[in-house]
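Q: Hi! Could you walk me through a few features of this model while I have it open?

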Amino acid sequence: MALDPQLTAMVVPLAEVARIEEVLSRLVDETGGTHSLLLDKSGQVVASHGDANRQDTTALGALIAGTFASSREVAKLLHEKEFKVLFQQGVRENLFIALIGEQWILTMIFNKETHIGLVKVLVKKASEELLDVLGRVRQNRRMRDDVLGGNFHTSMEDTIDLLFRD
Amino acid sequence: MALINVAAHEIHCKIVYYGPGMCGKTTNLQYIHSQIPQAAKTDLLSIATETERTLFFDFLPLDLGKVRGFQTRFHLYTVPGQVLYDRTRVAVLSGADGVVFVADSRRDKLEENVNSLKELARNVQKMGKRFQAFPLVLQYNKRDLSTALPVPIMDKYLNPLHWTRCEASALHGTGVFDTLRVISKLVISKL
């Protein structure tokens, strides 16, 4: 099911975040990788699991999503719809990146202790589970006000006025 | 599309600064970055060429703190302005919640502004969104220059849809936060 393009916010409910974290944590455990991240294609980090010292997940999210968006344009030039997975190999760390339902990006960071074949198989399995979660999140018709509270917009405007001034 | 994470109590929104080459998109982000209090300072990430022109994008995460229990973050991006990089702009625009169109006020830049705005309309439509309803703020930058076109003329060519517009001189910081305030409120109003 495609996402309504006019939709302006995706609400990921508590239970689904727990499910995502479980999938990410299992992926790290079973592959022996160092970190797994679930990103929205806009670059925002939905959830992350692994190395607790990792402080740079926000920047990682922006850059990986940028890489993926760029590869999509390359695919179009080659008359491909998109590249489903990307692999980046370093001396110590490697990245395996997979697209989920044209909305999310699953990223696995692993080192030479982990075999790429295992990562491929387990990322595919995790992707299927996350696709189910995404399907449920897309069905989620909870009103934004139920989540944010009725006065959220007013409070937010006050905060913006306070912070963003010359 | 904004992301609301109920478990982590977080809201993330993406704002993209768009416009022709050398209009001051990166300068806007650099000024905002320079004004962030030290305690909340985050890195401004730039993927630029050796001559400091934006190659892919600049990225600045802005943390607004907690609002009604939700940690709110705005992610600011710029696109590379040069005509050559149309495909890269499409990539950076992906999932944007709002756009600041930075127009260069210099007289000889009017055509570039118009072409860039037309391209933006095409690219927003490619994302499946209606351009007329898309959160957008116009910034007329470089107002301090003697070659700046009068505002009514810029309005005539760039603002037929009557978006909110801000006059700015990003190099000196004038109007930078006015613009950010307007686009932020617009994006939040659509949540």
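A: Happy to. Let's start with B:K109, which is buried, with a relative accessible area of 16%. Keep in mind that this is a predicted model.

Q: Which residue forms a salt bridge with B:K109?

A: That's B:E112, and the closest N and O atoms are 3.5 Å apart. B:E112 is partly exposed, at 36% relative accessible area.

Q: Which residues do salt bridges with shared partners join into one network?

A: A:R19, A:E22, A:R26 and A:E129 are joined that way.

Q: And how many salt bridges does the structure hold over all chains?

A: The count over all chains is 21.

Q: Nice. Which residue of chain A pairs with B:R87?

A: B:R87 forms a salt bridge with A:E73, with 3.3 Å between the closest N and O atoms. This pair crosses between chains, running from helix α2 (residues 86–93) of chain B to helix α2 of chain A.

Q: Is A:E73 buried or exposed?

A: A:E73 counts as buried because its relative accessibility is 7%, and the cut-off for buried is under 20%.

Q: Switching to nonpolar things: which residues form a patch on the surface?

A: A:V74, A:L77 and A:L78 do, and together they have about 290 Å² of accessible area. A:V74 lies in helix α2 of chain A, residues 57–77, and counts as partly exposed at 39% relative accessibility.

Q: Over to chain B. At what angle do the axes of α1 and α5 cross?

A: Roughly 95°, and the axes come within 10 Å. Helix α1 of chain B covers residues 25–35, and helix α5 of chain B covers residues 176–189. Angles of 65 to 115 degrees count as roughly perpendicular, so α1(B) and α5(B) are roughly perpendicular to each other.

Q: Which residues meet there?

A: From α1(B), B:N28, B:Y31, B:I32 and B:Q35 meet B:V176, B:F177 and B:L180 of α5(B).

Q: Last one: how many residues apart in sequence are A:V121 and A:T31?

A: They're 90 residues apart in sequence, with 9.7 Å from C-alpha to C-alpha. A:V121 lies in helix α3 of chain A, residues 116–139, and is exposed, with a relative accessible area of 54%.

Methods:
Residues numbered from 1 in each chain as written. Chains lettered and ligands numbered in written order. Predicted model: local features only at pLDDT ≥ 70, side-chain atom pairs only at ≥ 80, totals over all residues. Heavy atoms only, no water. Patch = residues over 30% accessible without salt bridge, like charges linked within 9 Å, V, L, I, M, F, W, Y side chains within 5 Å. Areas by Shrake-Rupley, 256 points an atom, 1.4 Å probe, with all protein chains shown as cover. Salt bridge = Lys/Arg side-chain N within 4 Å of Asp/Glu carboxyl O. Helix = DSSP H or I, 4+ residues; strand = E, 2+ residues; numbered from the N terminus. Buried < 20%, exposed > 50% of the residue type's maximum accessible area, 1.4 Å probe, protein only. Axes fitted to C-alpha atoms, helices over the stretch in contact; angles between N-to-C directions. Parallel < 35°, antiparallel > 145°, perpendicular 65-115°, else oblique. Contact = heavy atoms within 4.5 Å.
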